[in-house]
Amino acid sequence: MASETSNTSVLGQTFVAGLWDENPVFRLLLGMCPTLAVTAAVKPALTMGCSVIFVLLCSNIVVSLMRNLLKPHLRILMFTLTIATFVTICDLFLKAFMPEMSETLGPYVPLIIVNCIIICRAEACASKNGLVVSVIDGIGMGLGFTITLCVLAGVRELLATGKIFELQVMPDSFVPWAAMSMPVGAFITLGLLLALVNAVSKRKS
Amino acid sequence: MLKIKHFIEQSWLLIVSSFCFGLLIAIASAAWSPRIEQNERDKRNKLMKELITDANSFEVAVEGVEVRAKKGRPTKTDIYKAVDSEGKSVGFAFIAVGSGFADKIKLVIAVDGRCEKFFGFKVLASNETVGFGDKIKEDYLGNQLKGVPAGELELVNTGDDKKIDSEIVAISGATVSSKAVVDIFNAYIEKIREHLQTKGFVE
């Protein structure tokens with residue numbers, strides 16, 4: 001009974017780690033390229049987040065299943081091969097069913113192959129843990145990344161257009177801040193959000 | 001023999017995985033390729049229709065025209081004839097590719113039925129910098145090219161962008177991308193006219 005409770009607690013901790021304590025963007029500063037590049041609006045950010053969840057989940061499952069067969073000097077090659085496969089499938093899916101979004105995201109979907117979050121989780125978690133822990137870790141980390149991207153994109157879209165999900169939120173008198181849709185807006189918003197997260201963490205500790 | 005055994009021991013997982021992953025990608029590609037191609041066709045036709053508003057349908061007039069852009073390898077393109085509801089030819093459109101600032105730029109360019117003036121262009125694909133190079137998608141450059149005589153174009157940094165002539169005023173902050181668009185026009189138009197004349201579509 002005690003062991004069952006402990007297992008549930010470990011799984012809970014693994015899931016929550018991706019959302020806050022080991023959040024890929026705010027705490028580990030991984031995946032900065034898509035974080036800065038696709039957060040001009042919430043829709044592309046959400047699509048990128050879902051793509052990362054899919055790739056992270058699938059690669060964690062495959063790596064976890066083959067972890068006992070991996071040769072140490074070939075493991076990075078195997079991780080890259082696994083990740084590239086699922087990224088290609090994801091890219092084809094977007095081109096087939098969401099062509100406009102695929103165009104908006106441009107090269108950033110294929111670039112998930114070199115996203116450090118995925119390879120980091122394959123190395124740090126999936127190659128050392130069983131299937132259940134790897135799945136929970138993949139979902140937790142993927143959700144953490146997606147939520148972060150959406151928060152960043154929400155702030156930028158709101159200030160750049162006065163809208164969120166193309167729905168008018170700000171009053172008519174609001175003057176849009178065009179700079180927020182540009183790269184400078186991404187850097188400033190990310191910097192301010194990082195400062196906020198650090199301040200909250202300090203207060204908590 | 002020992003060496004082969006060692007090689008297989010070390011790499012069997014990689015070989016098996018490569019085969020399985022390759023198969024997975026092949027299945028996904030086979031299942032979705034028709035849809036992806038259809039999406040591309042729909043987008044191309046939509047852009048051609050936006051450029052040649054009188055067109056009712058498009059049919060391939062000349063296949064596989066080889067054009068060498070300023071940089072890169074020669075590319076092949078098809079010329080589409082735009083036909084109105086009465087079956088009359090109202091213009092021609094083709095896809096043109098050239099090097100931009102960040103990556104290749106793919107344009108849909110349209111000319112009138114006599115290949116004497118441009119109807120304009122639309123960007124089919126580009127990865128130009130957001131906020132700068134991607135301004136080629138906006139109307140500023142497109143409007144300058146509407147009605148311009150189909151011949152050699154020249155890019156200038158300052159000038160009257162409302163005047164319809166072969167001097168095209170570059171977009172501020174997107175000079176390289178503007179030059180890429182003008183270079184694409186210059187690389188393609190003579191070849192396209194030559195092929196249309198050879199096939200007897202224009203005089």
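## Two strands side by side

In this predicted model, strand 3 (residues 89-99) of chain B runs antiparallel to strand 4 (residues 104-111) of chain B, and eight bridges link the two. Strands pair if DSSP finds at least two bridges between them. Look for Ala93(B): its bridge partner in strand 4 of chain B is Ala110(B). Helices (H or I, at least four residues) and strands (E, at least two) are DSSP runs, numbered from the N terminus.

A quick word on the ground rules: residues are numbered from 1 along each chain as its sequence is written, while chains are lettered from A and ligands numbered from 1 in the order in which they are written. As the model is predicted, local features need pLDDT of at least 70 and side-chain atom pairs count only at pLDDT 80 or more, but totals for chains, interfaces and linings use all residues.

## The sheet and its helices

Zoom out, and you'll find an open sheet of five strands in chain B, with the order 1-2-3-4-5 and antiparallel pairing. Strand 1 (57-67) and strand 5 (118-125) of chain B sit at the edges, each pairing on one side only. On average, neighbouring strands of this sheet are turned by 25° against each other, direction ignored.

Helix 1 (residues 2-51) of chain B lies across strand 1, strand 2 (75-83), strand 3, strand 4 and strand 5 of chain B, at about 155° to strand 5 of chain B. Helix 3 (residues 175-198) of chain B packs on the sheet too, touching strand 1, strand 2, strand 3 and strand 4 of chain B, and makes about 135° with strand 3 of chain B. For these angles, axes are lines fitted to C-alpha atoms, for helices over the stretch in contact, and angles run from 0 to 180 degrees between N-to-C directions.

## Over to chain A

Chain A has eight helices and two strands, and its pattern along the sequence reads α-α-α-α-α-α-α-β-β-α. Its C-alpha atoms fill a box of roughly 60 × 45 × 30 Å, taken along the principal axes.

## Where the chains meet

The contact between the chains takes 18 residues from chain A and 16 residues from chain B; residues are in contact if their C-beta atoms, placed from the backbone, lie within 7 Å. On chain A's side, the largest share, 10 residues, comes from helix 4 (residues 75-97) of chain A.

Methods
Two residues are in contact if their C-beta atoms, placed from the backbone, lie within 7 Å.
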